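Me: I have a structure to go through. Please take me through it in short questions and answers.

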Amino acid sequence: MKKKPLIMLAAASALSISIAAQAKTLVYCSEGSPEGFNPSLYTAGTTFDASSRALFNRLVEFERGGTNIVPALAESWTVSDDGLEYTFNLRKGVKFHTTGSFTPSRDMNADDVVFSFKRQGDADHPYHKVSGGAYEYFNGMSMPDLLKDVVKVDDMTVKFVLNRPEAPMIANLGMDFASIMSAEHADQMMAAGTPEKVDLEPVGTGPFQLVAYQKDAVIRYKAHPDYWAGKAAIDDLVFAITIDPAVRYQKLKAGECHVMPYPNPADIEAMRNDPDLNLLEQEGLNVGYLAYNSMMAPFDNPKVRKALNMAINKDAIIDGVFQGAGKVAKNPIPPTIWSYNDATEDDGYDPAAAKAMLEEAGVSGLSTKIWAMPVQRPYNPNARRMAELIQADWAAVGVEAEIVSFEWGEYLKRSKAEDRDGAVLLGWTGDNGDPDNFLAVLLGCDGVGGSNRAQWCHQPFEDLIQKAKVTSDPAERTSLYEQAQLVFKEQAPWATIAHSVVFMPVRKEVKDYLIDPFGGHIFYGVDLVE
Amino acid sequence: MFRFILTRLGLVIPTFVGITLLTFGMIRLVPGDPIELLAGERGVTPERHAQLRAEYGFDKPVLEQYWNYISGVLQGDLGKSITTKQPVVEEFFTLFPATVELSVFAIFLAVAIGLPAGIIAAVRRGSVFDHTVMGTALTGYSMPIFWWALLLIIFFSGILGWTPVSGRISLLYFFEPVTGFMLIDSLLSGQEGAFRSAVSHLILPAIVLSTIPLAVIARQTRSAMLEVLNEDYVRTAKAKGLSPGRVITVHALRNALIPVITVIGLQVGVLFSGAVLTESIFSWPGIGKWLIDSISRRDYPSVQGGILLIATTVILVNLLVDLVYGFINPRIRHTR
C-alpha cells in the first residue's frame, strides 16, 4: 500500500495500553484479515466488515440491527408494472472520501452507480479484469442472467433493466457486492496506469475512511467528516486482528479492545458474569439442517424421511452441541425472516412412532451414512458431535448409520452429487433477509445437483416459490412462502435442526452496539462513553 | 576450503529442485478444491467452476503447470495469491521481517539461557541443578505450544497485567514501517515509549517460541560437554594446574561447541514451524499465520511460494552453519 499521511495517535505514557484514554477510538478485535478492500471481489464476512460495512454504501441498505430495507444512496425508487424496470432517485450531496492520493471533484452521481455494476457485469468494461476480476457474489446471485442493463437516466437517476421479474431485487441491491465506488477515482487511476489502486486504496461514501492497513495486524479508519447521514460518534476505528478466540477474550478483559466477535462457547458464562462486559445475544439469520438424498430409495419416500426426523432428539442436540446457544428449527428459514410460518408443526421426537412409521413404509434393517462437516460453522459448531447424537437416535429405531467426513472443499463438492449416499449435515446463513434466498437457493429445482443438497424437486413447492419470486405484493409473497413452508414440512426433505444464537461481548463503555442479523459487524451508530 | 564451499553450494541446487517438486506436488495431493473453498456453501455452477479453473491455470496438465511455475520462480515471480490477488513475493516480504524479528529474539534467548545452563549442568553432573535443568528442558520440549502460550498470556497479561496480550506494538503508536522490524522502526519513529512498547510485546511470544530450541540446546550442550570433559586433553589441562574456568571455557567448550552449533542451525527450521503456532496465538503478523491461512484456503501459489522461500532461508542458514563448521573444524572440510 502506498504511503499515506499519517494520523499520529501517539499519546500518554508508554505502556498505559488502556484504550479508554483515547476517548473516541473504538478498537474491534476482528477474527481475521480481510482479503482486500473491494467487497465485490470477495465473499468472506471478515472482508465485508472491513470494506463494505465501514467504507461504502449501497443504493439501499438493511436497517441497522434488522433485515428491513431502508433508503441509502437512493432516496426513493419505483418499480415498473411488469417488474422489469427499477428506477432509483439518488441522494444529493453525498461526498466521497478524500484520501492522500484522491480528492473528489464532484458528489456521488449516476456515473458511480453505473460504474460499480458495469465493472462486475460487463466483460468488456475496462475494469472488469482488474484485480483478478472474479465477482463471485454478483455471479452467485444470478446477476449476469438477471441484469439486462444499468442505465443513467440523468445525473441523479439510474434505471436497472431486468430480463425477468425478480421480487428480491431490492434486497439483492442491499448486499455487500452492490457497494457503490467512485467512477472518478477509477478514471484517474486508469489514466495513471494503476487501475488496481482502486481496490487497494478504496474510496467510498461510507461512514469511515481507510487510513492504513498493516497486513494481518491492524486496520485503521477515521470517521468520514462529511458523511451524508452525519459524522460517526467515534473519531477513529481500529481493527486489531486477533485470530484466537481465547486471546480475543483476554484482550477484551484487559481493555485492549472494546468489541470482539465469535467467543468460545465455553467462555460465555464467564463473560455473562464479568462486570466490565455486556454480553449481547441474538438469534442468527441461519439454519442448520440434515438433508436426505430424496432421489435415492428409500429416502425418496417422504414417510421414511419424516420417520427419521421423528427419531432425532433435537433438544439433546441444542444442549450437547450448541451448549444452549441455539434454538430448535422447525422451518427452513429462521424466525427473524419475514413470512416465517409459526403455524408449522414440527416433527415431534417420538422414537416409537418413528419405528412404527418405518415398518409401515416397509423399511427394515436400513443402513445409511451421515455426512459430518469437518469445520465449525455459525449454524453448526460441531458437526461430528451432532452426527454422533443422530447416529445414536437412529440406532434406537433400528437404523444403522455410518459417519463420514471429508476435507471441507471436498465435502462441499461431493455432497452435491445426485447419487450421493446418505444424509448431509450442512446449513446456510442468509445474504439479504429475503425468504427466496433460503427457499429457492436451498430447495428449488434449479439447485438440484448443486446447492439443493436434498436433491429435492417437488413441483407444488416449486410453483409456490416461483410465483413468489415474480410477485411484487409483499402480502401475497408472504402468504405464498407460508404455504411453501407447510409443503416443505409435510414432504420433509430435511431434518431442520437449529438456528444458532450469536453472542457478542462488548465492554461496558460501548453504547448502542447492535448485533447485525446478517453476521456483520457495523460501527456506525456506536458510541463510547466514559 | 574453496572446494568445500563449492561442494556445499552444489548440494543446494538439487535440494532446491526437490523442494519445488515436493511443495508443488503435495499441496495438489491434499484433497480440497480451492474454487469450492472460495465459494463455500453457496457453491459455483459447473460452467463457472471450469472458467475459474482456466483463469488460474489449473486446467492445464500438471507437468505444464509445474513448468510454468518453475519458469516463474527462475524469474523471481511466484505468482499471485488466489485469495488476495496480490503477488506472493510482495506478501511474503511484507510479513517476513516480523517472523525474523521474533525468531532472532527467540534464538538469542535460547542460546543465552540454554548454553550456560547446559554447561553448568555438565560440570555439576548429578547435582540438583543438573536434574532441575534437564527436567525443565524435557518439560519444555514436550510442552504443546498453544497451551503454553495461553498459560503465559493468562498469567502475565491477564492476572499480573505485566505484558500486553497480543500484537506487535500498542495501538497508540502508529508509524509507517521502514524496515519491517518493529524494534528498529519504533526507534526510527522517534515516538516516546514506542520502543518499550515493542519490546514488551515481543517478550511473551519470544519466550514461547524459544522454549523448544532452548531445551534442545541445553540438552545438547550438556551431553557434548560431558563427552569432552572426559577427554584426555581436558585431564591434561587440569593436571597442568589450569584454573577450572579456563579448562571449561577454553579447552572443553570450544570443542563441545561444534555439535551445539549444528543443533542451533537445525533449530532455525524448528523456529519457523514453531512460529506458525506462536504467531497465530499472539496475533503476530508474520509468515506463519499467513501460511496457515493459505493452506486452509488451498491457495496454491501462496503455499508453494511461501514454503519455497522459507525452505530457502533454512537452506541458507544451514549452509552458513556448514561453512562456519568447516572453519572451526578442519577435519570436516577435508572430508569428501
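Reply: First, a definition: two residues are in contact if their C-beta atoms, placed from the backbone, lie within 7 Å. This is a predicted model, where local features need pLDDT of at least 70, side-chain atom pairs count only at pLDDT 80 or more, and totals for chains, interfaces and linings use all residues. Residues are numbered from 1 along each chain as its sequence is written, while chains are lettered from A and ligands numbered from 1 in the order in which they are written.

Me: How many helices and strands are in chain B?
Reply: Helices (H or I, at least four residues) and strands (E, at least two) are DSSP runs, numbered from the N terminus. From that end, the elements of chain B run α-α-α-α-α-α-α-α-α-α-α-α-α-α. The count for chain B is 14 helices and zero strands.

Me: Which elements do the buried residues of α7(B) pack against?
Reply: Helix α7 of chain B covers residues 145-159. A residue is buried if 20 or more other C-beta atoms lie within 10 Å of its own, exposed if 12 or fewer, and partly exposed in between. In α7(B) the buried ones are B:A149, B:L152, B:I153 and B:S157. They pack against α9 (245-253) of chain A, and against α9 (194-229) and α11 (244-281) of chain B.

Me: How many residues of chain A are in contact with chain B, and which element of chain B gives the largest share of its side?
Reply: On the chain B side, 48 residues are in contact with 54 residues of chain A. The largest share of that chain B side, five residues, comes from α7(B).

Me: What is the bridge partner of A:V79 in β5(A)?
Reply: Strand β5 of chain A covers residues 85-90. Five bridges join β4(A) to β5(A), and the two run antiparallel. The partner of A:V79 is A:Y86.

Methods: The expected span of a helix is 1.5 Å times one less than its number of residues. Two strands pair if DSSP finds at least two bridges between them.
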